[in-house]
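Have a look at the structure first, then work through each solution step by step.

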Amino acid sequence: MNFFGIMDEMFKDFEEYQDIQKGKGIRGKLITIIDPNAQKLAAVVESIHLASLLHDDVIDEADTRRGVKSINAKYGDFTAVMLGDILYSRAFYELIEFGSEIAKTVSNAVYLLSQGELEDVKLSNSINLDKDKYMQMIYKKTASLIEASCSAAAISAGLDRDKFALYGKNIGIAFQIIDDLLDITQDEKTLGKPNMHDFYEGKTTLPYIYLFEVLNEEDKEKLMKLYRKKLDKSEKEWIRNKMDEFGIIQKCYNEAKELVKSAKNAIKEFNIPALEIIADKVVDREF
Ligand code: FPP
Ligand code: MG
């Protein structure tokens, strides 16, 4: 049985679970490419990831997830939080069987991703123009669990955990940079959620940080006024045009591409084409 099948089996008693839209399963795919015998470990990590998204949608007050109504929108915040706790605690119960090295690696990542989410919330209270703070936050919020997935799978397969961890960390950071870019470049239909929503939620993601660096005083002020505002079509276009004028999208995209290059370099001696394909897909994707 593959990891999605194992998850369905684990959570078959919970009717609301059936309404959770399956994602790309990147973490699970990475784990099972590195160790094809680690389907159960992949199910554990994917369950933790799903739990974190259930909680994240409550925190972000998101109505949609992956193109369908989010669990919080459909059943309310309490159900979403508790369903998240069910997935999370069952995952930890199962994690124990993998031994302390793997269990520590994965649980430390959950500790980090929770800190990352808290930092994200705090950074969203006012405009953040500090790139280091943004990079720290996305490392914790997104890359830490991807890093731990690769590291844990390498331990399970008897491979060099540090090299696979570095691969995971770099594609994880690139993944979030691209996620933040897609929020700007894609339309609502492709994203399965409203576009240019991050700025409205208070999130000054990398493209906005770079834009603030290059705008003149007048335009800076104009951009400040759009922060946390429900943007109309012309305001969205203004931001997009300014980003195009200064090559901001390309700059962020190149940065993500560099990270992917380092990721592939870290594990090139193992010659695993599937991991190179996933790394490329992290940057070259539409949603
Ligand atoms: C999505 O970010 C959120 C995360 C990757 C991490 C969320 C972590 C927690 C809520 C901590 C609690 C953890 C557990 C295991 C219960 P985003 O809002 O930028 O992405 P989105 O656009 O997909 O919502
Ligand atoms: Mg969110």
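**Exercise 1.** How far does a polar side-chain atom of Asp56 lie from an oxygen atom of ligand 1?

*Before you start.* This is a predicted model, in which local features need pLDDT of at least 70 and side-chain atom pairs count only at pLDDT 80 or more, while totals for chains, interfaces and linings use all residues. Residues are numbered from 1 along each chain as its sequence is written, chains are lettered from A and ligands numbered from 1 in the order in which they are written, and side-chain values use heavy atoms, with hydrogens and water left out.

*Solution.* 
- Step 1: For Asp56, the distance is 2.9 Å.

**Exercise 2.** Describe the shell around ligand 1.

*Solution.* 
- Step 1: The shell holds 15 residues, and Asp56, Asp60, Arg65, Lys141 and Lys193 come nearest (a residue counts if one of its heavy atoms lies within 4 Å).
- Step 2: Sort them by class: seven are charged, four polar and four nonpolar. Here Asp, Glu, Lys and Arg count as charged, Ala, Val, Leu, Ile, Met, Phe, Trp, Tyr, Cys and Pro as nonpolar, and the others, Gly among them, as polar.
- Step 3: Helix H3 (39-59) and helix H6 (100-123) each give at least two residues to this shell (helices are DSSP runs of H or I with at least four residues, strands are E runs of at least two, numbered from the N terminus).

**Exercise 3.** How many cavities of 30 Å³ or more does a search of the whole structure find?

*Solution.* 
- Step 1: The search finds one. On a 1 Å grid over the protein atoms alone, a cavity is a set of points where a 1.4 Å probe fits but cannot get out, and lining residues have an atom within 4 Å of a point.
- Step 2: The volume of the largest cavity is about 110 Å³, taken as the space filled by probe spheres set on the points, which are joined across faces, edges and corners.
- Step 3: Its lining has 13 residues, with Ile20, Gln21, Leu54, Arg65 and Ile71 nearest the centre.
- Step 4: H3 gives the most to the lining of the largest cavity, four residues.
- Step 5: By class, the lining of the largest cavity has six nonpolar, two polar and five charged residues.

Definitions and conventions
Polar contact = N/O pair within 3.5 Å; in protein donor to acceptor, adjacent residues only side chain to side chain. 1 Å grid on protein atoms, 1.4 Å probe; cavity = no way out; pocket = protein on both sides within 12 Å on 5 of 7 lines; lining within 4 Å.
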